[in-house]
Amino acid sequence: NVGSLFRTAETAGCMELITCGITAHPPNPKLRKTAMAALEIVPTRHADDTRALMNELQAQVRRS
């Protein structure tokens with residue numbers, strides 16, 4: 001359940017939670033119920049194209 005991922009990310013102190021493809025993501029109203037306050041705390045972004053996201057993240061790692 002995606003809401004539990006948000007709660008876990010909050011507890012673990014993750015810098016960001018990235019969802020991809022058809023995965024529920026904010027502002028999906030169902031997430032508000034399961035993620036609770038973690039939606040306001042954990043930064044998030046969504047990528048429709050998982051392959052493009054992976055290429056972007058790999059490029060960021062190479063630059064750092």
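The legends below describe several views of one predicted protein model.

View 1. The protein holds 4 helices and 2 strands, where helices (H or I, at least four residues) and strands (E, at least two) are DSSP runs numbered from the N terminus. Along the sequence, these elements follow the pattern α-β-α-α-β-α, and the C-alpha atoms fill a box of roughly 35 × 25 × 15 Å, taken along the principal axes. Residues are numbered from 1 along each chain as its sequence is written. In this predicted model, local features need pLDDT of at least 70 and side-chain atom pairs count only at pLDDT 80 or more, while totals for chains, interfaces and linings use all residues, and side-chain values use heavy atoms, with hydrogens and water left out.

**View 2. Thr 19 in its strand.** Thr 19 lies in strand 1, which covers residues 17–20, and Thr 19 is buried, with a relative accessible area of 4%. Here buried means under 20% relative accessible area, exposed over 50%, and partly exposed in between (1.4 Å probe, protein chains only). Across the protein, buried residues make up 20% of the 64 residues.

**View 3. The neighbours of Thr 19.** Leaving aside residues up to four places away in sequence, Thr 19 touches Val 2, Ala 24, His 25, Arg 45, His 46 and Ala 47, a contact meaning heavy atoms within 4.5 Å. With one of these residues, His 46, the side chain of Thr 19 makes a side-chain polar contact at 2.8 Å; such a contact is a pair of N or O atoms within 3.5 Å, and within protein one must be able to donate a hydrogen and the other to accept it, with residues adjacent in sequence counting only if both atoms are side-chain atoms.
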